[in-house]
Structures are given as C-alpha cells and as structure tokens.
Amino acid sequence: MNTPLYDRDLSWLSFNYRVLSMAKDPAVPLYERIRFLSIFSSNLDEFFRVRMPAVMAVNKLVRENPDVAGEETLSTDTLPIIQQEINRQLGEFGATLTQQLLPALSDNRIDLYYNQEILPSHLAPMREYFQTKIQGFLQPFWLDQKKPKDAFLENNQLYLVVSLSPENEPDRLQYAVVNIPSSELPRFFELPQIKEVSYIVMLDDIIRENTGWLFPGYTVNGCYSIKITRDAETDMNELASDILDQVETMIAKRELGIPTRFLYDSNMPLALRQLLGNYFSIVPQEMVPGGRYHNLKDLADLPMPVKSPLFTYPKQPSAHLPQLDKVPHLLEEILRRDIILHPPYQRYEYILRFFNEAATDPTVKEIYITLYRIAASSQIANALISAARNGKQVTVFVELKARFDEANNIRWAKKMKAAGVKIIYSIPGLKVHAKIALVKRKRGYEWDYAGLMATGNFNESTARFYTDHVLLTAHPGITQELELLFLYLQARQQPDKYRYLKFNHLLVAQFNLKTRFSELIDREIANKKAGRPAHIIIKLNNLQEKDMIAKLYEASEAGVQVDLIARSICCLQPDQPESSNIRVRRIVDRYLEHARVFIFHNNGEEEVYMGSADWMNRNIHRRIEVCFPVYTKELAAQLKEIIRLQLADNTNAAKLDAQLHNIPLNPEKGTPAVNAQLGIYQYIQSLEHESI
C-alpha cells in the first residue's frame, strides 16, 4: 500500500493553529484567551528550537541529494510552505492581540501599553522603577569593530539595539545592545490608575523610556527589539557510561547552538540589520521581521488588576474518592482491588500518598520508579529520599535526556543519590519514557507487590492541568512483569542484547508493543471479515509511525470503524479512499489532553489499554514505553465513558480534513452542546458519591 501521510511539521502547525483559534474564540474567558496566545507563542518558540533546524537541514540535504530517502525526508517545497504557514499564523496572532484582546481589556478598564505613547503622569513611576529595580540587571555593550567577549546573544532572551549619537556629533551614529532582564524581573509592571483605569507597562518599554540614563553624553535616536532562537536539538542518543557529565555539557552547548531564527523589529533600518547580521554571524534566511515586542509567551503572566469571574474559567476543584479517604492504608487497599485515578479531575494527592506510605511503612522493603520529568519541588522525590534514609532499597531510573528538563532531573538525581537512592541513568540510544513504579512489601516470609502505572509523568505540578489516567494494581501478572522490566532497566543493556523478557500483560516498546498492537488491529480486521462487529478507538497525543498508520488504513479498508483522537501531530490522512472509515478529531480546551487510551471492540469483549506511548517513530523505535491493560470492568467502564464524551464533543473539538484544516464540530440544530472536559468533570464528580 502506498500510505498517504501528512507532513509531520505541517500537522504540528495545524495543531498550534487550533491553539490560536481558542484565543480568537469570544466564548472563551478573556484571560484564558490571552493564556492561549501565550501557549501558541511558547509552542512556536520550541518549534524553532527543535523542529526548524531539522527541517532546514533535511531540506538542504534533499535539495543537494534528490535521491535521498528516509523517514524524515521532505520535499524541497516543504520549507517555504512551512515558513508561509508560520507567517500566516503570526499575522492572525498579531491581529487577535491588537484588534480583539487589547480592546477587550480596555473595555474592562485595563490598558496594556502596546505600541502606544506613555502618558506623562506615568513617566515618573517608570523612571523610579528603572533606577531602583531594573538598572542593576543591565549589561549594555557597544557594537564596536572590536567585538567584546561578552557580546553574545543568549537563547530566547530579549534585547534592545539602541541607536545613539554623541551630543557634540549628532550625525555620527553608534549602536549598543541592552539586555531586557525578563528572566530576573516580571515582564509586566502595574502603573498608578488614572480615572479608575488600570495601566500595565512592559519591562521593555520601561527600559526604552530610560535608556538615556545608560548612555550619558549621547542622544538616543531609536530602540529596536531583537531576539535570537538557537538550535536545541543536541544529539544525546550515543551517550556512554559517563552520561551525567555529557548531558551537563550538552545542555550548555544547546544554549550556544547555531541560530535558527533572528527576530527583529520590522522598523529597524536595513543598515543596522546588516550590521547585526555581520556582527553576530546571522545569515539573511535566519532573519525574521517581527513587531516591537517578542517572547509574548509571557502574556501568561499578565496581571489582573481588575478582578472578575468572567475573566477565567470557573474553578473546578479536584474530586475526592471518599472510599480512599476512609481507608487507613492505601497500599492495603490496592491489594484488595485495582484503583484508577483521573487527574486533574480527581486529586493527585492519592498518588503522593502512595509514595509517602511506601516511604514510612516498615513492611516496605523495596521501591522502584522511572522519572522522566520531575517537578521542580517534587514531593515524590522527597518521599523517595525519606524512604532511602528509612533503610529501604530505593531504585530510581532518571531519564537525563528529557528535553528541557535535563538540568532539573540532574539536580534531583544528585540529591537522591546523596541520600542513598540507587540512581540508574539513561540507556545509550534510548529514552525511558515509561511511567511506572513498583513497591515490594515483606511480611514474615510473604512478599506482596503494588504497582503504579500512568499515562503521564509523576509530576504533581503538571498534574494540575494535564489530563491523565493512573492505575494502581496488585495484579500478580502485571506486577511480576514490572519487576522484570526494572531488572532490565538496571542492566542498561540494549533490548536486542537482553533475552530474558517475555510480556503477556504489559506492552513494552522495544519488546512487544508494536507487535501486540498490530495483532489487536488484525483481530478487529478478522472479526469484520467474518461478519462480526469491529471497532477501534485510539486516543493519543501524536500519530506518525508509518507501519501503525498503514495498519489503521488496512483496518479501514476492511470496513472497521476507527475513531482517532489525536491532540497534536497526526500524519494519517482522513478523507482518502484508504481512510474512508477513519474519523480523526482534535480537542483543545482548558486542560491539556495528554492521556493515551486504546480500546478494541473484540466482538463485544472489549479490551482497554492505557499507557505512555504515542505512535511516533521515537516512541516505538527509540524509547522504552509501557502500555497496560485495564482488567477490572468497572474501571474500564470509566475510561470508556470519558472517551465517549470526547467523541461526542461538539464545542471544543475539531475534525481534521485531508488538508490539515481544523473543522469545528458545532452542535447541529436541535442537538445539545457537549463540552467533553466539562462533561468529564461532572461525571467524575458523580463518582465521588458512588461505591467503587
């Protein structure tokens, strides 16, 4: 089969445009719309740091070697198409901010200075703030012919290029660069009210208005904002045994990476732009005109001087599970029955309780866990430290190659190791993305196991706004396979060199995950051909791996109904002859849809799986991932109801068409509006009062 595939990067840009559309939606509360703008901006920054270098490199390779082939191959037309789409989206971003959101703020007596002249009465408080808070963070340098050692533009940091003339030589232009210390100081500053109107000014404009204090004897002719984005895609696949030192070195190198985008104020004179290109070794293709302000991801921190319940989503307190609140020992309850949790709809505190109990329970002898993205102030990591100090054998696999979290993971790994925790570092050539933990208790001569498996990271910070599912189980087959997997991770061997693993319950990437998922799809195909009902439902973040996509096309051609919920990248192409029975939708709402769920009809005996694995090349071929079955029918029913609501969403869901367009799924006349996340919240609240 000639498998029709979306381009991965255009698919991702389609997702980010869906985020932007939430900022444009007047039904979304005002400050939430501003937050979606900031998410769009932050996502695009990461795209330029991570994906754009690969796009540019592969584009050049294909252009110079037309016969080259590979999974990342792009046509020579792809790069300009990507650039054109980014420019289109940025145009809508600017229009949304200036024509919709800033006027809406003004209607609510909040004025954000944005390309506006500062009112005279605000100049004095801005000057005072500059002189008392800002000035000590500034390190200006001249753009002289002799380049100073510290003349380096840091990655994604903000700068002003200042055009100056000596007071006694007004025709002689000189230039200096001034940093905007937005990493050390708030980006926004609240000014005194005028006639009951609140005013907010950006740090950038406070510095603009006061640059004269930095250059006595000079006249300021103009200030132009700039920002450089550098390549962050360092190759960490071949790291050897001294991985800790190598990762720390690579983090530093990443911040010094080659430029992928140089944003500049479009009002900047051409001569100055050329000077900057020569001075900082930036080629014209990397130069992108922009507005007066960059790093608008900081809009997430915009102050709210006027309080209104209409500005934000209504509060949704996470639900209790009264039956768990009543049990004295969570680990004992897990031995009696499986438990499923759905954060953030339900309290993440039960996960923290799992580790806290394990840290102090005298019968717990061993604890094992994989950590991919550790919270900055991780209660889980602190519980593991306490467990080690309490004499328990604690083994933690820390993934040092978790992009942009490497430094935090290293910090925690060192702290845990100092407390006596056995730390296992990354396997060369692989990332361990599985979200698994195992607690072993010994009472007399008997051992019992409690396993914890999740679709998302063990991170109490992101658990507040990432939708995930967590299974706690003492199922002997599952927990024994978890133990075998942790033994493998400690060996730090390549999967093909390790011959002791056979999984009957778990689906583990590099061992049986791809094969098992293919078999489950084949069973649906066989059922359909035999005249039996067949249906596949898959929810994940990203779908790219060509063999799995080909399998879904095969199922569709056999008549199997396939429903996909793909939040971000989806390289499967709907509305093709091969995909006539495949429906693809995307949901973007107040919470980030993060869970991976797989449901196979199995002639009425449905099999339900959850796990950490997207169907991407990296997840299936270059990571250790774990998916796991949900055997308890009552718990599987909860997952199926959640997925049912997501498939019924007609407010914040969109279907994808063959051109990557997000087609809104609006309620048909006479049908009720369904918001999946609100419906799930109400459903989870109802469970609070039911027996489990």
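## Basis of the model

Residues are numbered from 1 along each chain as its sequence is written, and side-chain values use heavy atoms, with hydrogens and water left out. In this predicted model, local features need pLDDT of at least 70 and side-chain atom pairs count only at pLDDT 80 or more, while totals for chains, interfaces and linings use all residues.

## Helix packing

Helices (H or I, at least four residues) and strands (E, at least two) are DSSP runs, numbered from the N terminus. Helix H1 (residues 8-24) packs with helix H3 (residues 78-107) at an angle of about 5°, and their axes are 11 Å apart. Axes are lines fitted to C-alpha atoms, for helices over the stretch in contact, and angles run from 0 to 180 degrees between N-to-C directions. H1 and H3 are therefore roughly parallel to each other; angles under 35 degrees count as roughly parallel, over 145 as roughly antiparallel, 65 to 115 as roughly perpendicular and the rest as oblique. On the H1 side the contact (heavy atoms within 4.5 Å) includes Leu10, Leu13, Tyr17 and Leu20, and on the H3 side it includes Ile82, Ile86, Phe93 and Leu101. The residues of this contact of H1 with H3 divide into ten nonpolar, four polar and five charged. In this classing, Ala, Val, Leu, Ile, Met, Phe, Trp, Tyr, Cys and Pro count as nonpolar, Asp, Glu, Lys and Arg as charged, and the others, Gly among them, as polar.

Helix H14 (residues 513-529) and helix H15 (residues 546-557) pack at about 10°, with axes 9 Å apart. H14 and H15 are therefore roughly parallel to each other. Lys514, Phe517, Ser518, Ile521, Asp522 and Ile525 in H14 meet residues of H15 including Met548, Lys551 and Leu552. By class, six nonpolar, one polar and five charged residues take part in the contact of H14 with H15.

## Sheets

Seven strands form an open sheet with mixed pairing, in the order S10-S18-S16-S15-S11-S12-S13. Its edge strands, S10 and strand S13 (422-424), each pair on one side only. Two strands pair if DSSP finds at least two bridges between them. From one strand to the next the twist averages 10°. Strand S15 (residues 436-443) and strand S16 (residues 446-454) run antiparallel and are joined by eight bridges; leucine 452 in S16 is the bridge partner of alanine 437. Helix H13 (residues 476-491) lies across S11, S12, S13, S15, S16 and S18, and runs at about 110° to S15.

Another open sheet of mixed pairing has nine strands, ordered S19-S27-S25-S24-S20-S21-S22-S28-S29. Strand S19 (507-508) and S29 are the edge strands. Within this order, strand S25 (residues 607-611) pairs with strand S27 (residues 626-629) in the antiparallel sense over three bridges, and glycine 611 stands opposite cysteine 627 in S27.

## Backbone features in loops

The peptide bond from proline 343 to proline 344 is cis, with omega near 5°. Proline 344 lies in the loop between strand S10 (339-341) and helix H10 (349-360).

Asparagine 115 has a positive phi, near 60°, in the loop between strand S1 (110-112) and helix H4 (120-134). Lysine 195 also has a positive phi, near 50°, and is found in the loop between strand S5 (188-194) and strand S6 (197-202).

## Cavities and a pocket

On a 1 Å grid over the protein atoms alone, a cavity is a set of points where a 1.4 Å probe fits but cannot get out, and a pocket is an open set with protein on both sides within 12 Å along at least five of seven lines; lining residues have an atom within 4 Å of a point. Grid points are joined across faces, edges and corners, and a volume is the space filled by probe spheres set on the points. There are three cavities of 30 Å³ or more. The largest cavity has a volume of about 90 Å³, and among its 13 lining residues Tyr348, Gly456, Asn457, Ala463 and Asp468 lie nearest its centre. The second largest cavity holds about 50 Å³, and its lining includes His342, Tyr345, His469 and Glu593.

The second largest pocket has a volume of about 740 Å³. It is lined by 35 residues, and Arg18, Ser21, Met22, Asn652 and Ala654 are the closest to its centre. H1 gives the largest share of this lining, seven residues. By class, the lining of the second largest pocket has 16 nonpolar, twelve polar and seven charged residues.
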